[in-house]
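Hi,

Here is the structure I promised to send over.

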Amino acid sequence: MKKCKVTLALAAKPKYFYLAPDAETLYLLTTKTIKDNTKRSAKETLKFHPDIEIVTMKHGDWAEIEWNGCQNFHDNGIETIRANYVKIVKVTKASVDSPESITIHIGWILCEQLGFVNHRKSGVRVKMLSKNDEEFNFKELFHDDENYDDEAQKSHVVFC
Amino acid sequence: MTDLKQAIIIRKDLNFNKRQLASQVAKASVKFLVENNEAERGNQLLVSLSSDEQAWLTGSFSQEILGVSTKDQLDDIMFRAEIMGIEAYPVFNNHNETDNPQISCIALGPDESGVINKLIHSLKPL
């Protein structure tokens, strides 16, 4: 799976990543936001989708993000919308009030918000990671059992 | 050659005088350089420019200055820019250090005019 590290430039203001529980919610959020005939404000749109998680990154925070697939949507009058399914491990910088903390997040994010190529945009720096650069074991953190399908297949084969 | 521009959107409800307006626009104009600065030393500026930014800086330097009536409208544009993947840089007005800084304007781009226009087509020039 592709992984990237996201950091903020030194003078960058806090950045918000909108994570939806499913691709359809993200599609609705996007089309309601982008379409010209919408009368709903940003706040109202978000109120309409309370299940959208907003992951905030402040100066000093960083995140390792794994790409787990994508879905494309087409709609009249707007370009193709691409939603990426991601797993995020966010490290929050220690402050006077709290020590350094790690949080995990999972959901769908717009490709425009986070593309999986080396780039920088609006103070956000995205660097693709190789296996050796990874710091977190996502399988352990997200309780993934990647062997599940393989095991099932094996047992199926044995059974046959 | 692609038509490039930067749009700066200012809150009119803050009732800036001409001097303050000029100051806010000037800050907003260079915000994309300041916020993307990679240099760790304070006396350096190190920014990897996109091809559009490079072309804009060395070419047209075209800008559009627009106004909105409320903070909510500005927040709305910021949110839409985030969702649509358009670079947006907020500027905070904290000339009086006793006050909490509040968002006074945002700079969109530099980017292709067509992309910026998606967000500003309904706004009026200042």
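Below is what I found when I went through it.

Before anything else, keep in mind that this is a predicted model. Its scores are ipTM 0.75 and pTM 0.80. For chain B, the mean pLDDT is 89, with 94% of its residues at 70 or more.

Let me start with chain B as a whole. Its secondary structure consists of four helices and five strands, and if you walk along from the N terminus, the order is β-α-α-β-α-β-β-α-β. Along the principal axes, its C-alpha atoms fill a box of roughly 40 × 40 × 30 Å. Of the 126 residues in chain B, 32% are buried.

Now the interface. Here 19 residues of chain B are in contact with 18 residues of chain A. On the chain B side, helix H1 (18-35), helix H3 (71-84) and strand E3 (88-93) each supply at least two of the residues that touch chain A. H3(B) gives the largest share of that side, with eight residues. Sorted by class, the side of chain B that touches chain A has seven nonpolar, four polar and eight charged residues.

One is with strand E4 (residues 62-75) of chain A: the two run antiparallel and are joined by five bridges. Within E4(A), Ile65(A) is the residue opposite Cys4(A). The other is with strand E8 (residues 124-129) of chain A, again antiparallel, with six bridges to E1(A). There, Val6(A) has Val126(A) in E8(A) as its bridge partner.

Is Ile78(A) buried or partly exposed? It counts as partly exposed, because it has 15 C-beta neighbours inside 10 Å, while being buried would take 20 or more. For a sense of distance, Ile78(A) and Lys90(A) are twelve residues apart in sequence, and their C-alpha atoms are 32 Å apart in space.

Cheers

Definitions and conventions:
Residues are numbered from 1 along each chain as its sequence is written. Chains are lettered from A and ligands numbered from 1 in the order in which they are written. This is a predicted model: local features need pLDDT of at least 70, side-chain atom pairs count only at pLDDT 80 or more; totals for chains, interfaces and linings use all residues. Two residues are in contact if their C-beta atoms, placed from the backbone, lie within 7 Å. Ala, Val, Leu, Ile, Met, Phe, Trp, Tyr, Cys and Pro count as nonpolar, Asp, Glu, Lys and Arg as charged, and the others, Gly among them, as polar. A residue is buried if 20 or more other C-beta atoms lie within 10 Å of its own, exposed if 12 or fewer, and partly exposed in between; C-beta atoms are placed from the backbone. pLDDT is the predictor's confidence in each residue, from 0 to 100. Two strands pair if DSSP finds at least two bridges between them.
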